[in-house]
Number of protein chains: 2
Amino acid sequence: MARSPETFRAAQDIDVRIRHEVTAIDPQARRVHVVDLASGREFWEPYDELLLATGARPIIPKLDGHDAQGVLAVHTLESGIRVRKFVEMTKPRHAVVVGGGYIGLEMAEAFLLLGLNVRLIEKAPQVMATLDPDMAALVADALQAKGVALHLEESLDGFETKDGALSAVVTDRGTYAADIALLGLGVRPNTEIAAEAGIPLGVRGALHVDRRMATAVDGVWGAGDCAESYHLITGKPFYVALGTVANRHGRVAGTNIAGGQALMGGVLGTAVTKICSVEVGRTGLQERELQDLGWDHVSETIASRTKAGYFPGSGPIHVKLLAEKSTGKILGGQIVGETGSAKRIDVVAAAITGGLTAEAMSELDLGYAPPFSPLWDPVIIAARVLSKKTGV
Amino acid sequence: MARSPETFRAAQDIDVRIRHEVTAIDPQARRVHVVDLASGREFWEPYDELLLATGARPIIPKLDGHDAQGVLAVHTLESGIRVRKFVEMTKPRHAVVVGGGYIGLEMAEAFLLLGLNVRLIEKAPQVMATLDPDMAALVADALQAKGVALHLEESLDGFETKDGALSAVVTDRGTYAADIALLGLGVRPNTEIAAEAGIPLGVRGALHVDRRMATAVDGVWGAGDCAESYHLITGKPFYVALGTVANRHGRVAGTNIAGGQALMGGVLGTAVTKICSVEVGRTGLQERELQDLGWDHVSETIASRTKAGYFPGSGPIHVKLLAEKSTGKILGGQIVGETGSAKRIDVVAAAITGGLTAEAMSELDLGYAPPFSPLWDPVIIAARVLSKKTGV
């Protein structure tokens, strides 16, 4: 039931209908209203179980000029190819990226690698809302060091066009010449049809699902970027549009729909990205979330090296860890550093999942050899320093 | 009290005596017998607390020609520099490495990078005794692919010399022309003086210590490659000569000697190494150990990629995981693969420490982005497949 079904492939015994769109759901009668986009034919299709895997779509505000040639967003593989083709065909010189999240940063990197001048505009006082401000500042430094003109606390107002093509990006602070504008303003779950059918929505408009990935309506399931998860630490509903989580959703929903039994585990919002040689990783709760929850916590940020200091290719790495003050339990981690930094966040995710305290984490027996790490892995150094601040 | 004290540096308030050797310990009188190597003067030095941090030394069998020019081992920084100087001065063409452990493999890599022909001789049927045979076979393949002539199940008999310099390495199967021979036959704890003083030894002749790093003799402590650890999984005494473990020993012993309280945590023998682009990681118990313990276990090895398959630089990776059959708890892991493989073992070490089952490990929320990983990190794929074999 995906809205971009072209990428689907028919498996044996599965009736795949590409270029068919579901326009309404009738859960009482267990049927969906379908439009055959090629012929225009409309019909009702019955179902025993209905999986809503409609994903999310990028937020594109309907500002002046938003439909001009050169104003682009990335969502599907096809939209990524479209950006590349646009660059190849029109040879733009000035790229403006709007939004400093994962998509914005990765597209900024792509434009840098293609040799464009890159300007990045972000409404918030920091890039990467999933990082604490201090760690986001390191990413901002890296962006600027790589040559990105960074504009924080600046809101998109619209686009100037010339003959239907983008000529400038307009914000509340200035007008910037642009041949291409890439919008990375986040995504919104595709749940309008579900909502119209009375299927309850939850966090950020995603389908509210239980741990079996069942919605509150009998026979209707949700999976992927259109559906909620629950947070491993807080136990509360949580929305995160990430491929790993979407894939887990699908596995659990599919198992249950097929008559098996599976429960979705908690998620930590673990994510990794990079801007050229600077890597970013994050997992678990960040300070803002902990403040909102009213949890008494401590945090520590350390600077270390990705490899033994004397080893070729060793670079700086910053690791921030957060722990519950009373128990010492690790609640979150953020990493910014040179090549070899980001995936170290996986150890933090595993430590959180295992319920490790900062002290227990500081005793982890991690691998050391000069090409891979300083004697003490940076995540261990952070855990050790942090453990002195906890109440245990 | 190190036997190679030249590398020590005097800190404030520490009386550092370089070129002094302790030749005997009298724990009843709390004093050590010291020889001033420069003057020959001998004297007894009293102590309140004695830390034995005498390390280990490479095993060098006294075979014919073992003292010839060109027969070398690596131990200290100085000995590494000596190997490099020997190569620079004598321009050897044929290197023979004896021993297929960490040192042997890393020196084989160093000789390859220096442009030498490299032959590696190993007595056992596999390289890297800390890996299971199937994973060691992948390392052997990698060594051969990098151009190393590999001889397994072949024992060193001695060295042929010419004018006092090495000319060939002799084994029970052949004689091989060699300009330089590097012995990587493991290490032996430096505990002779301790043993003579009646301080009890444990596994592999290392100082037997409790979790405070105290020996069984009042006022005598041990730390580093001369001292035992205990294994996190089995709880039994365990000997491993690794920098991370030695450093933890020192921290614990020092804290206790200075009047604080610290306990040494368990170790997993986590280690990482590489041979050119092929990386190796291992942690926890291996099959041989599990068989010796009589633990009913299951294992699974999967092949995946280090990054998304379509991403530049993506390479093969093999991950083996072992778990207790009845509980599903992860007991060990081994990784062999291209760049980006080895440090993934840290997630396995964290999972073991957190007491995770294979199923729980398969649910870990690890970071994904195409430059860093396939959608499912290879360690998760291994955990998922393994979880189907466990009794939970």
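Colleague: Which residue in the turn of the hairpin formed by E18(B) and E19(B) has a positive phi?

Modeller: First, this is a predicted model, in which local features need pLDDT of at least 70, side-chain atom pairs count only at pLDDT 80 or more, and totals for chains, interfaces and linings use all residues. Residues are numbered from 1 along each chain as its sequence is written, while chains are lettered from A and ligands numbered from 1 in the order in which they are written. Helices (H or I, at least four residues) and strands (E, at least two) are DSSP runs, numbered from the N terminus. E18(B) and E19(B) form a hairpin with two residues between them, and the one in the turn with a positive phi, about 55°, is B:Cys276.

Colleague: How many bridges join E18(B) and E19(B)?

Modeller: Two strands pair if DSSP finds at least two bridges between them. E18(B) and strand E19 (residues 278–284) of chain B run antiparallel, and their bridges number five.

Colleague: Which residues of E18(B) point the other way from B:Ala271, B:Thr273 and B:Ile275?

Modeller: In a regular strand the side chains alternate between the two faces of the sheet. A residue is buried if 20 or more other C-beta atoms lie within 10 Å of its own, exposed if 12 or fewer, and partly exposed in between, with C-beta atoms placed from the backbone. By that count, five of the five residues of E18(B) are buried. B:Ala271, B:Thr273 and B:Ile275 point one way, and the residues that point the other way are B:Val272 and B:Lys274.

Colleague: Which element gives the largest share of the side of chain B that touches chain A?

Modeller: Contact here means that the C-beta atoms of two residues, placed from the backbone, lie within 7 Å. On that basis, 38 residues of chain B are in contact with 38 residues of chain A. Helix H5 (243–257), strand E18 (271–275) and helix H7 (345–353) of chain B each supply at least two residues of that side of chain B. The largest share, seven residues, comes from H7(B).

Colleague: What kind of axis relates the two copies?

Modeller: Copies are superposed by least squares on the C-alpha atoms of residues with pLDDT of at least 70 in both. Chain B can be laid on chain A with an RMSD of 0.0 Å by a turn of 180° and a shift of 0.0 Å along the axis. The copies are thus related as by a two-fold rotation axis.

Colleague: Which residue of chain B comes closest to the rotation axis?

Modeller: The copies meet through the same surface, because 97% of the interface residues of chain B are also interface residues in chain A. At 2.0 Å (C-alpha), the residue of chain B that comes closest to the axis is B:Gly354.

Colleague: How many residues of helix H7 of chain A are buried?

Modeller: Among the buried residues of H7(A) are A:Ile345, A:Val348 and A:Ile352. Just after H7(A), A:Gly355 takes a positive phi of about 70°. The helix (residues 345–353) is largely enclosed by the rest of the structure, because its buried residues number nine of nine.

Colleague: Is B:Arg30 buried, exposed or partly exposed?

Modeller: Most residues other than glycine have a negative phi, and most peptide bonds are trans. B:Arg30 has a positive phi of about 50° although it is not a glycine. This residue lies in the loop between strand E1 (20–26) and strand E2 (31–36) of chain B. With 16 C-beta neighbours inside 10 Å, B:Arg30 counts as partly exposed.

Colleague: How far apart in space are A:Ala214 and A:Leu386?

Modeller: A:Ala214 lies in the loop between helix H4 (192–196) and strand E15 (220–222) of chain A. A:Ala214 is buried, with 20 other C-beta atoms within 10 Å. In sequence, A:Ala214 and A:Leu386 are 172 residues apart, and in space, C-alpha to C-alpha, their separation is 40 Å.

Colleague: How many of the residues of helix H9 of chain B are buried?

Modeller: The buried residues of H9(B) include B:Pro378, B:Ile380 and B:Leu386. What covers the buried residues includes strand E20 (297–305), strand E21 (316–324), H7 and helix H8 (358–362) of chain B. Helix H9 (residues 378–387) is mostly covered, and of its 10 residues the number buried is eight.
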